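Reader: I have the sequence and the model open side by side. Please take me through a few points, one question at a time.

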Amino acid sequence: MENYIVSARKYRPTTFMSVVGQRSLTHTLKNAIQSNKLAHAYLFCGPRGVGKTTCARIFAKSINCSNPTADGEACNCCESCMSFNEGRSYNIHELDAASNNSVDDIRQLIDQVRIPPQLGKYKVFIIDEVHMLSPAAFNAFLKTLEEPPQHALFILATTEKHKILPTILSRCQIYDFQRISLTDIVDHLKYVAQSEGITFEEEALSEIAKKSDGGMRDALSVFDQMSAYSGGNITYKSVIANLNLLDYDYYFKLTDAFIEGNVPQVLVLFDEILKNGFEAQYFVSGLSNHLRDLLVCKDAITASLLEVGESVAQRYTEQAAKCSNDFLYRAIDISNNCDFNYKASSNKRLLVELTLIKISQLNQKKKSDQVDDIYWWEEYPLESIAADAPAPKQEAQLSSSNISQQSVKQTQVSLTGSDEVKIRSLGSGFKPRQRVETVSILQPKKTEQQQEEKVEEKQVELSSPFTYEALRRAWLDYTTTIPAETILVSAMKRCTLELLDNFKIKVVVANADQCQRLKDRLDTLMPFLREKLSNTHINIEIRETERVARTAIFSPLEKLNYMVGKNPNIVTLYKEFDLEIS
């Protein structure tokens, strides 16, 4: 039986040309070999599984090749290349710094550096995960790294460049490897699948590529897993079932329900997703990505940013045509705010459901165009609404000439009556208003400019409820925008916040100076909080801490009088025992 080799090892690149997704770096390394301008130390850094150690091995083999090709590749025919390919080369040494990170390990390496190569021109030392070296080992390595022998060349590889000492970084040429793009990973997976005789669906490979997060090694590992699971036929359904991914269909169905304003259907779909075992925040994050993908499909210029298969891309294009830009902008904003506030919420499911309801209502008709029951909430009492409500008007009788110059508009008239009131609780500051019926009257038609201004005013008006914790976070977030004003920042961190009715915020500071500084900042603080908390009704009241005046007691007589005021019997005790007060 033939020994099985995983795809990540079997299809590991052996030439610069076969390295996936790092074309600029491999081109630079080949040019250095061709021009014979080699540094004595290189640092390859970047995410896991993007080709750092692979490129180090290819580079080490190429610089020792006796007959390199015209484009800087190794010939794979000379004795040096053959010994490397067979794993018996004495000119290339690999050290795993994760398990060999002591000073003694570095000293052994330095002893090997002194020995010249037996075959080829260079002795190459590849140190993987170099950030794991101890500080003492780094310091022991410094001198050798700065002034190595002519035949020695070091290639350091790491995933965490920030953990390496600056003195090490200054002695190396640094190459930053980037994450491999989704398209490159899918193309390579297609090549591997065709080489192995595995059938596949392109959408399935796209999901595997997304799961790998830009790492080719991770992508090939998942590919092998899916190949074993599906018996050599990798389908989209098998991938989402095995990797526990949320199906595209759910997001497409949800978006269709959003467009239709079908709130019950939206809630049922969300409940089905939860019953399938998916975390609500994972769902919200996926919804934001889906809406983002719909947005980029709206324009041919940004359509290339969509990283999905052709069949799924067609579905995105068709659904994007049904959505307006305004709907997508506001839906993405609502979904992103839900994702931001998810961890702080005590009732996470309700938070997501309210988010879905808000998105579902974005495409509903304006209040002035509706003929059904309408409810909305304001910050003033119900009694004032009933008192200010105009009396019902009868339909105006106008001549046909007047009718031709005027347009019919629906005007909302509040009706009194307890049976017409429906109460909903939306948090502090909201009062239910009475049911509204629409009565048709004839009014002059407003200009398009006036209608646009009215729509803009409705869009700007926000009354989202928020908790004290959300207020405190937004308050502290504002301090990060004014780091230079240390006194004000300190005062804002130490002050006391109190959330009152009608979205009024009471702020208590220590002294008058802090009070004045905070008042001077209201012109930027208020808009910041209103935008952060999605509520334009926020108002701030600033007060100084009330101080209780205390009378100091100095002389013995004053002390005696003070104690007598507390207890008159002290006078008797003072006289009978002839006491003294110090």
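Predicted model: local features only at pLDDT ≥ 70, side-chain atom pairs only at ≥ 80, totals over all residues.

**Overall fold, a glutamate and a surface patch**

Reader: Is F577 buried or exposed?
Author: A residue counts as exposed when its relative accessible area is over 50%. F577 has a relative accessible area of 55%, so F577 is exposed.

Reader: What is the area of the nonpolar surface patch made by L573, Y574, F577 and L579?
Author: F577 makes this patch together with L573, Y574 and L579. The area of the nonpolar patch is about 380 Å².

Reader: Which helix holds E207?
Author: The helix in question spans residues 202-212. E207 is placed in helix α9.

Reader: How far from E207 is the nearest side chain of opposite charge?
Author: E207 is buried and has no salt bridge. The nearest side chain of opposite charge belongs to K210, at 4.0 Å.

Reader: Which side chain joins that of E207 in a polar contact?
Author: Leaving aside neighbours within four places in sequence, E207 is in contact with Y236, V239, L245 and Y248. A polar contact of 3.0 Å links the side chain of E207 to that of Y248.

Technical notes: Residues numbered from 1 in each chain as written. Heavy atoms only, no water. Helix = DSSP H or I, 4+ residues; strand = E, 2+ residues; numbered from the N terminus. Buried < 20%, exposed > 50% of the residue type's maximum accessible area, 1.4 Å probe, protein only. Lys, Arg positive; Asp, Glu negative; His and termini not counted. Polar contact = N/O pair within 3.5 Å; in protein donor to acceptor, adjacent residues only side chain to side chain. Contact = heavy atoms within 4.5 Å. Patch = residues over 30% accessible without salt bridge, like charges linked within 9 Å, V, L, I, M, F, W, Y side chains within 5 Å. Areas by Shrake-Rupley, 256 points an atom, 1.4 Å probe, with all protein chains shown as cover.
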